[in-house]
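This report goes through a protein model from its overall make-up to individual residues. Please keep the sequence and the 3D view open while reading.

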Amino acid sequence: MRDDSFNAAEPGPDSQDSPEVPDSPESGESPDNVRELHAIPSVEIISRAAVMLMSAAAERLGLADEDPDSSPLRDLDEARRLITALAGLVTASGEYLGLHAAPLRDGLQSLQKAFREASAVPDDPGQGPGEKYTGPVY
């Protein structure tokens with residue numbers, strides 16, 4: 001079974017699972033299912049990073065489980081960090097995101113509200129995760 005994750009080491013040159021790599025970088029070709037980083041628009045890179053942060057924060061809030069309150073994945077400290085990072089990314093890149101900005105802001109706000117509901121001792125308005133970037137979320 002081949003591991004295609006980002007952290008996986010590339011198979012050795014003698015491996016049968018090793019992808020075919022073009023002979024020269026100047027050829028403009030790349031292995032199947034691989035895009036050169038320079039060919040990916042910045043809005044796509046930013047959006048993918050935001051979606052990854054959103055997904056991770058939702059899992060840390062326990063939202064992936066039927067009962068978030070008893071989720072073994074719930075970790076509000078980790079969720080706070082992820083939501084704050086997401087808020088910084090979305091706020092800093094908002095002008096470049098075009099049509100993607102509104103859905104990302106909505107998702108961020110939903111996570112901020114979910115965090116507030118999940119917290120046993122809610123933060124004061126403006127002190128919740130990412131609120132220094134977005135303003136208070138009620």
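Is the crossing of H1 and H3 left-handed or right-handed? The crossing of H1 and H3 is left-handed; a crossing is called left-handed if the near helix is turned anticlockwise from the far one by less than a right angle, and right-handed if clockwise.

## Basis of the model

The model is predicted: local features need pLDDT of at least 70, side-chain atom pairs count only at pLDDT 80 or more, and totals for chains, interfaces and linings use all residues. Residues are numbered from 1 along each chain as its sequence is written, and side-chain values use heavy atoms, with hydrogens and water left out.

## Overall make-up

The protein chain has four helices and zero strands, in the order α-α-α-α from the N terminus. Helices (H or I, at least four residues) and strands (E, at least two) are DSSP runs, numbered from the N terminus.

Of the 138 residues in the protein chain, 26% are buried. Buried means under 20% relative accessible area, exposed over 50%, and partly exposed in between (1.4 Å probe, protein chains only). Taking contacts (heavy atoms within 4.5 Å) between residues at least 6 apart in sequence, 48% join residues at least 24 apart.

## The nonpolar core

A nonpolar core is a set of buried Ala, Val, Leu, Ile, Met, Phe, Trp, Tyr and Cys residues joined through side-chain atoms within 4.5 Å. The largest one holds 19 residues, of which Leu61, Ile83, Leu86, Leu104, Leu108 and Leu111 touch the most other members. Helices H1 (42–60), H2 (76–97) and H3 (101–118) each supply at least two residues of this core. H2 gives the largest share, seven residues.

Not counting residues up to four places away in sequence, Ile83 touches Ala57, Leu61, Leu108, Leu111, Gln112, Phe115, Pro129 and Gly130.

## Helix packing

The axes of H1 and H3 come within 11 Å and cross at roughly 20 degrees. H1 is therefore roughly parallel to H3. Axes are lines fitted to C-alpha atoms, for helices over the stretch in contact, and angles run from 0 to 180 degrees between N-to-C directions. Angles under 35 degrees count as roughly parallel, over 145 as roughly antiparallel, 65 to 115 as roughly perpendicular and the rest as oblique. Ser47, Ala50, Met54, Ala57 and Ala58 in H1 meet Pro103, Leu104, Gly107, Leu108 and Leu111 in H3. By class, these are eight nonpolar, two polar and no charged residues. Ala, Val, Leu, Ile, Met, Phe, Trp, Tyr, Cys and Pro count as nonpolar, Asp, Glu, Lys and Arg as charged, and the others, Gly among them, as polar.

The axes of H2 and H3 come within 10 Å and cross at roughly 160 degrees, so H2 is roughly antiparallel to H3. This crossing of H2 and H3 is left-handed. Residues of H2 in the contact include Leu76, Arg80, Ile83 and Leu97, and those of H3 include Leu104, Arg105, Leu108 and Phe115. The contact of H2 with H3 has 13 nonpolar, two polar and two charged residues.

## Two buried residues

Ser47 lies in H1 and is buried, with a relative accessible area of 12%. Leaving aside neighbours within four places in sequence, Ser47 is in contact with Leu97, His100 and Leu104.

Ala79 lies in H2 and counts as buried at 0% relative accessibility. Ala79 and Ala57 are 22 residues apart in sequence but 4.8 Å apart in space, C-alpha to C-alpha. With neighbours within four places in sequence set aside, Ala79 is in contact with Ala57, Arg60, Leu61 and Phe115.
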